[in-house]
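Please look over the chain shown here.

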Amino acid sequence: MKKLALLLAVVLLLALPGCGAESSLLAGVTASERGEAADAAELAADFTMELFNAAYEGGDALISPVSVLAALAMAEAGAEGETLAQMEEVFGVDAETMRLALSAYMSSVAGTEAKTANAIWFRDDGSFVPNGGFLADCASFAGAEVFADEFTTALAGEINGWIKEHTDGMIKDVLDEIDPSAVMNLVNALAFEADWAEQYEEYQVRDGEFNAEDGVKTVEMMYSDESTYLEGDGFTGFMKPYKGGRYAFAALLPDETSSLEALLGSLTGETLADALENAQNTPVETATPGFSSEYAAELSETLMGMGMADAFDGETADFSGMGRSALGNIYINRVLHKTFIDVTPQGTRAGAATVVEMNAESAPMVENAKQVYLDRPFAYMIVDTQYNIPLFFGTVTGEAF
């Protein structure tokens, strides 16, 4: 008879404060050496478009590639053999480079408008013995808190409570239950909250039309004049900075002869990076609809389709670096991802998203200014402009208006 396979639930979502306090289980563990935060930029851009296009099923959607990478990097720290090789292939870098780059990047955002936290829960009933080196590694490069606990129904509430706390209440109820066969949960939380560098005034906000996929809708539009123009094959766009200057909202609008689906199909990590790196410092009149969006997905099928098949196979997965159990082989059972964004005239919360467009008529007319009105389905990002890393990538189709 085959042994019962163990389930490794990898939970991915958004949250905020920085690395957690040192656990008594990790006495003496120190922070790992760090690579270059810039090394994370290329892998994040590539992973963003590959993951989003693989998971996208239409409508309004939102992912945080940084959050997904952070949680899966902890899983990768316990992978061996072909399982590890497949994960490295999907991420585009070797595991050591991945961990060093993420460690450097997570350190670089400390104290900014973006905040991140990681944690591990493992079964503590004698049936599972974690590898101390694995736990120390995750604490060292990811600052992960580590909790030994009984895997009962109550644990779901405990993990959800940790997530809610670390997202200022923006993300709730990610875990619906604890699988009876689960032995470990790897959790990342990422949150973003910032005011616009120039907030929308009341006179810059008025009703406008949005050409949604199911018809024309009247929406609250925010109008403004910005100074960063984006352009690429089949799209135009703009960036609107947040206070402090490190982060910005970036919008990509398909050409009138194209579509959102065509735009997404043409975007790669390289073309996305090129658009951000070659942003033009030129006047651009903008209009943005206010919006709020929630999104949740289970990403197992998506990641398997991207080439990470063995990690989800109870017979072939090799996570022997995580520990051992009398119950059977360890594999990833679920990858849960949940996001929320709210963009308002004052700023943006990610975990909540509301975009408010500004009134172009509020400022003196600029001759030969570019114009980007987000009055039909578009893609958007919250970008760390220091490294051109997209913290969030999403779409607005008008279904929520």
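With which side chain does the side chain of Asn118 make a polar contact? The partner is the side chain of Asn188, at 2.7 Å. This is a predicted model, and every value below is computed from it.

## The chain overall

The chain has 9 helices and 18 strands. Of its 401 residues, 58% are buried.

Contacts were also sorted by sequence separation. Among those with a separation of 6 or more, 78% join residues 24 or more positions apart.

## Asn118, a buried polar side chain

Asn118 sits in strand E3. Its relative accessibility is 1%, so Asn118 counts as buried; the cut-off is under 20%.

One of its polar atoms lies 3.0 Å from the backbone oxygen of Ala142. Ala142 belongs to the buried residues of helix H5.

Leaving aside residues up to four places away in sequence, Asn118 touches Ala70, Met74, Met106, Ala142, Gly143, Ala144, Glu145, Trp162, Val187 and Asn188. Two of these come up again in the helix contacts: Ala70 on the H2 side of the H2 and H4 pair, and Met106 on the H4 side of the H4 and H5 pair.

H5 spans residues 132-142. Its buried residues are Phe134, Leu135, Cys138, Ala139, Ser140, Phe141 and Ala142. What covers them?

Now the two ends. At the start of H5, a side-chain oxygen of Asn131 comes within 2.7 Å of the backbone nitrogen of Gly133. After H5 comes Gly143, with a positive phi near 65 degrees. Gly143 is also among the residues that Asn118 touches.

## H4 against H5

Two packed helices are described by the angle between their axes and the distance between the axes. For H4 and H5, the angle is about 45 degrees and the axes are 8 Å apart. The two helices are therefore oblique to each other.

H4 contributes Arg99, Ser103 and Met106 to the contact. H5 contributes Asp137, Phe141 and Ala142. By class, the contact of H4 with H5 holds 3 nonpolar residues, 1 polar and 2 charged.

## H2 against H4

H2 and H4 pack at about 135 degrees, with axes 10 Å apart. That angle makes H2 oblique to H4. The crossing of H2 and H4 is left-handed.

From H2, the contact uses Leu69, Ala70, Ala73 and Glu76. From H4, it uses Ala95, Met98, Arg99 and Leu102. The contact of H2 with H4 has 6 nonpolar and 2 charged residues, and no polar ones.

## Arg99, in both helix contacts

Arg99 lies in helix H4. It takes part in the contact with H2 and in the contact with H5. Is Arg99 buried or exposed? At 13% relative accessibility, Arg99 counts as buried.

Asp137 and Phe141 are in the H5 part of the H4 and H5 contact.

## The loop between H6 and E6

Which residue other than glycine has a phi near 50 degrees? Asp168 does, and the value is positive. Asp168 is in the loop between helix H6 (153-165) and E6. Its relative accessible area is 47%, so Asp168 is partly exposed.

Asp173 is in the loop between H6 and E6 too. Asp173 is not a glycine, yet its phi is positive, about 50 degrees. With a relative accessible area of 60%, Asp173 is exposed.

## Leu336 in strand E14

Leu336 belongs to strand E14 (residues 330-343). Its relative accessibility is 11%, so Leu336 counts as buried.

How many residues apart in sequence are Leu336 and Ser300? They are 36 residues apart in sequence. In space, their C-alpha atoms are 8.2 Å apart.

Terms used
Residues are numbered from 1 along each chain as its sequence is written. This is a predicted model: local features need pLDDT of at least 70, side-chain atom pairs count only at pLDDT 80 or more; totals for chains, interfaces and linings use all residues. Side-chain values use heavy atoms; hydrogens and water are left out. Buried means under 20% relative accessible area, exposed over 50%, partly exposed in between (1.4 Å probe, protein chains only). Helices (H or I, at least four residues) and strands (E, at least two) are DSSP runs, numbered from the N terminus. A polar contact is a pair of N or O atoms within 3.5 Å; within protein, one must be able to donate a hydrogen and the other to accept it, and residues adjacent in sequence count only if both atoms are side-chain atoms. Axes are lines fitted to C-alpha atoms, for helices over the stretch in contact, and angles run from 0 to 180 degrees between N-to-C directions. Angles under 35 degrees count as roughly parallel, over 145 as roughly antiparallel, 65 to 115 as roughly perpendicular and the rest as oblique. A crossing is left-handed if the near helix is turned anticlockwise from the far one by less than a right angle, and right-handed if clockwise. Contact means heavy atoms within 4.5 Å. Ala, Val, Leu, Ile, Met, Phe, Trp, Tyr, Cys and Pro count as nonpolar, Asp, Glu, Lys and Arg as charged, and the others, Gly among them, as polar.
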